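Dear colleague,

Here is the structure I said I would pass on. My notes on helix packing and aromatic rings follow below.

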Amino acid sequence: MSANNAFHIAVLAGDGIGPEVMAPAIEVLRKIETKSGLSFRFTEAPAGANHYLATGKSMPDTTIRLCEEADAILLGACGLPSVRYPDNTEIAPQIELRFIFDLYAGVRPARLIPGVPSPIVGADQRGIDLVVIRESTEGLFASMGKGVVTHEEARETMVITRKTSERLFEFSFRLAERRKARGKPGALACVDKANVFKAFAFFRGIFDEIAKRHPEVKTDRLYVDACSAMLVKRPWDFDVMVMENMFGDIVSDITASLIGGLGMAPSADIGDKYAVFQPCHGTAPDIMGQGKANPTGMILSAAMMLDWLADKHGVEGAAEAGEQIERAVDKVYAGGLKPMEFGGSNGTADITKAVLAAL
């Protein structure tokens with residue numbers, strides 16, 4: 001574990017474009033070392049579909065031990081559409097790690113960077129800066145690998161527990177409070193389907209209980225269908241949203257599409273002790289090895305890691321370093337950087353070089 005400002009980072013590059021976007025993130029963190037009092041020790045380890053093909057396991061036990069010993073985990077994209085378990089589900093170490101380390105809070109920020117196109121009219125003037133918090137160990141995903149399928153029907157079971165919901169909501173209120181301290185609205189909305197399902201009424205009831213402990217945070221309660229409709233009309237009205245696992249899986253992809261797509265979107269899966277940081281995008285095997293991958297989501301995930309390390313270990317310099325990375329990304333996009341998914345000509349190397357120069 002960390003000593004002073006030195007951090008040990010487990011690096012799981014993964015499959016497809018995972019290694020291609022991980023390398024720029026490591027370069028950026030190396031540059032941060034030269035500008036701050038921070039130091040990093042990176043240890044690489046295998047995980048993903050390629051490792052499954054070679055060994056029959058998505059991750060070796062040594063990878064899991066490394067993640068347990070490290071201060072934080074950086075994860076590239078994992079899985080390949082053509083490689084599946086016998087039940088036809090994809091190889092997904094990113095999901096397995098959530099269960100292994102009890103990473104119940106999936107944090108999915110969506111911030112529109114200057115110069116990045118949004119499909120929402122007026123977003124360039126009004127801005128988008130919100131966070132989806134997705135419960136990451138329960139909900140419908142608690143049934144992963146446990147569903148029952150017969151010739152006539154298939155059944156999956158959704159699980160919502162009081163213990164996890166209480167921790168999730170406390171985490172969400174603390175995040176809203178931190179955002180308020182940084183000049184953001186600091187409002188929190190519970191997103192559910194409490195008008196139809198008893199499980200979501202239970203979920204909302206626990207939210208209301210925890211809300212009483214945080215009277216300074218403005219709260220709202222929204223049904224997921226109405227919330228989705230509002231997001232694609234007035235995303236600037238949102239600050240922090242918390243929701244069940246499957247709803248969060250879907251809504252976070254919606255919010256990523258509002259800020260330029262999954263290539264721009266960072267994420268984290270956080271528990272009481274451990275945390276994994278990875279971009280929201282997949283392995284994109286169709287562009288693998290072509291230098292087209294956008295490393296921005298991975299770079300911003302590294303910035304999220306620094307902010308989390310600062311909060312966990314009380315190292316203020318790490319939070320400032322994370323903000324430096326964000327400012328560098330803002331600068332290069334405002335200056336005209338245009339990745340290939342936006343119809344531009346800037347690939348992995350161009351984006352990496354520009355961010356390093358801006359730092």
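A crossing is called left-handed if the near helix is turned anticlockwise from the far one by less than a right angle, and right-handed if clockwise. Helices (H or I, at least four residues) are DSSP runs, numbered from the N terminus. Please note that this is a predicted model, in which local features need pLDDT of at least 70 and side-chain atom pairs count only at pLDDT 80 or more, while totals for chains, interfaces and linings use all residues. Residues are numbered from 1 along each chain as its sequence is written, and side-chain values use heavy atoms, with hydrogens and water left out.

Helix packing

The crossing of α10 and α11 is left-handed. The axes of α10 (residues 296-313) and α11 (residues 316-334) come within 6 Å and cross at roughly 155 degrees; axes here are lines fitted to C-alpha atoms, for helices over the stretch in contact, with angles from 0 to 180 degrees between N-to-C directions. α10 is therefore roughly antiparallel to α11 (over 145 degrees; under 35 counts as roughly parallel). Residues in the contact (heavy atoms within 4.5 Å) include I299, L300 and A303 of α10 and G322, I325 and V329 of α11.

For α1 (residues 18-35) and α12 (residues 348-358), the axes come within 10 Å and cross at roughly 15 degrees, which makes α1 roughly parallel to α12. This crossing of α1 and α12 is right-handed. The contact is made by E20, P24, E27, V28 and K31 of α1 with T348, T352, V355 and L356 of α12.

Aromatic rings

Rings of Phe, Tyr and Trp (its six-membered ring) pair if their centres lie within 6.5 Å, and planes under 30 degrees apart count as stacked, over 60 as edge-to-face and the rest as tilted. The count by this rule is 10 aromatic pairs. One of them is F173 with F207, stacked at 5.5 Å centre to centre with 25 degrees between the planes. F173 is in α6 (residues 162-181) and F207 in α7 (residues 198-211), so this pair ties together parts 34 residues apart in sequence.

Because F200 lies in α7 and F247 in α9 (residues 245-258), the pair ties together parts 47 residues apart in sequence. Both F200 and F247 are buried.

F169, F173, F203 and F207 form one aromatic cluster.

Regards

Terms used:
Helices (H or I, at least four residues) and strands (E, at least two) are DSSP runs, numbered from the N terminus. Buried means under 20% relative accessible area, exposed over 50%, partly exposed in between (1.4 Å probe, protein chains only). Angles under 35 degrees count as roughly parallel, over 145 as roughly antiparallel, 65 to 115 as roughly perpendicular and the rest as oblique.
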